[in-house]
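Dear colleague,

I am handing over the structure we spoke about, and below it you will find my notes on what came out of it. Please read them with the model open beside you.

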Amino acid sequence: MEGAQGASNNATKHKKRKSPVQRWRPISTEATAPKANLNEMPNPVSKQVVENSASDGTANVIIEVSTNNASLPENKVAAEDTVEDANFNKDLDRSNLSEKYSSSVQVDAPLMRFLKGKGGTMQKQIEEETGVSVIFPSSKGETCVVLEAKSTENIRKASEKIAKVLEEAIKSPMLDYSHFISLPLAIHPNLVEKLNHFQCSILGTSSNVDSDKGEDLSEGSMDEMDNEHKQVESPSVSIKMQVEGESPVRVTMDIKGSRPGFGIDKSIFIKPKTFHLTVLMLKLWNKDRIAKASDVLQSVSSQVMEALENRPISIQLRGLTCMKGSPARARVVYAPVLEVGEEGRLQRACKVITDAFVKSGLVLERDARQELKLHATIMNVRHRKSKKRNQRNDSFDARNIFRKYGEHDWGEYCILAVHLSQRFKFDESGYYCCCSSIALPEKMQTE
């Protein structure tokens, strides 16, 4: 009777509350490891310990230890121990124990493909280097990756490897930017109308260029440039050459890129209803990071107003410029931005925003080092829908565009808000979906 009562007291003593699985956070300034307790579990006996997947404590995982013992008595007793020694209670017969360690790691859906690798290569590499089985979720929406091994040391090595792989993936161009800080210009109907007219004059169309709303854009003819040339493969030209005393030689030359208007189609134009200035690009791949970015933007509202001296801010768009390259082989064409009054207030306000996001840890290191140059992109080959062209060497001939619009005055416009915008998603007006925003002083009314 006393033996049964002692076993019951011992089981009660070692009860624990199970710790939740912790989310992996690759960029974090705060991280604490929760204390691990032990629960009374049915046979086979299990316990959990908490391990950090990185030396800086930025990632926590739960390690479950399953112990199969067929000879345990009916009153099963859970063993308690610390994270450091990770040993079972000495009262248990260790000769009959078979330990199995497993770790649950939360990996956000956009990062899952980097952990698998092409054809499962990264998964195989992690398993071979650490001796851990990596088990991915069976359903697409699930984000829990399970690691199984014979020791906590193997789990620790695999967790550190995963953290490193995902950190590199975040910095890689393979993970595209998901959000950005924007200064909307499409709120001005007259500017939208001017951009519509610009695109139609180049493409030789009369329809509203925003009417397709994101579908594959059809290719159009080019008025005032070469109305006969469509977006087709560049032809070759045969030239007959003869050197004195020698027989004639026929040389075939590719004139790709030399044709006026070559490489221009509807898809490389920025949609007028999304026209904006970009302050900062962000990679926010989960809800926590989006919420943090929203909080950061709201927190600097008063500082932005101070930088603007609580006065309206307007900009002027004049002319066209190429971002690298030349008009003959342009990749990005934009309208330069000039602050009306040239007081530097807009630049100071943008710096307040950028500094706050850098401090929050939401900005990549290379982006934090870049100097802000506000510009309004009008054409960009990156948006081209056709897959036939080589993206790395893609370009278009903008020489005739520059002849007509190179000094064009697009007008002056007041900036009324700062948005945390989500790429690839649009609201009812056609502008990017807004996750958070702060209002700027409105233009003073004139009597």
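Which strands does α8 lie across, and at about what angle does it run to β9? Before I answer, please keep in mind that this is a predicted model, and that everything below was computed from it. Helix α8 lies across β6, β9 and β15, and its direction makes about 20 degrees with that of β9.

The strands named here belong to an open sheet of four strands, in which the order is β9-β6-β15-β16 and the pairing is antiparallel. Because β9 and β16 (432–439) stand at the edges and have a single partner strand each, one side of each is left without a neighbour in the sheet. On average, neighbouring strands of this sheet are turned by 25 degrees against each other, if direction is ignored. Within the sheet, strand β6 (residues 179–184) pairs with strand β15 (residues 417–426) in the antiparallel sense over four bridges, and Phe180 stands opposite Ser421 in β15. Helix α6 (residues 287–299) also packs on the sheet, where it touches β6, β15 and β16, and its direction makes about 30 degrees with that of β16.

To return to α8 itself, this helix covers residues 345–360, and its 16 residues reach 23 Å from the first C-alpha to the last, which is close to the 22 Å expected at 1.5 Å a residue. Its buried residues are Arg345, Leu346, Ala349, Cys350, Ile353, Thr354, Ala356, Phe357 and Ser360. Just after the helix, Gly361 takes a positive phi of about 85 degrees.

A second pair of strands may also interest you. Strand β12 (residues 332–339) pairs with β13 in the antiparallel sense over five bridges, and Ala335 has Ala376 in β13 as its bridge partner. Strand β13 (residues 375–380) is largely enclosed by the rest of the structure, because five of its six residues are buried.

The last item concerns a single residue in a loop. Pro272 lies between β8 (249–254) and β9 (276–282), in the loop that joins these strands. Is Pro272 buried or exposed? Its relative accessible area is 1%, and because buried means under 20%, Pro272 counts as buried. Although Pro272 and Leu191 are 81 residues apart in sequence, their C-alpha atoms are 8.1 Å apart in space.

With best wishes

Definitions and conventions
Residues numbered from 1 in each chain as written. Predicted model: local features only at pLDDT ≥ 70, side-chain atom pairs only at ≥ 80, totals over all residues. Heavy atoms only, no water. Helix = DSSP H or I, 4+ residues; strand = E, 2+ residues; numbered from the N terminus. Buried < 20%, exposed > 50% of the residue type's maximum accessible area, 1.4 Å probe, protein only. Pairing = 2+ DSSP bridges. Expected span 1.5 Å × (residues − 1). Axes fitted to C-alpha atoms, helices over the stretch in contact; angles between N-to-C directions. Contact = heavy atoms within 4.5 Å.
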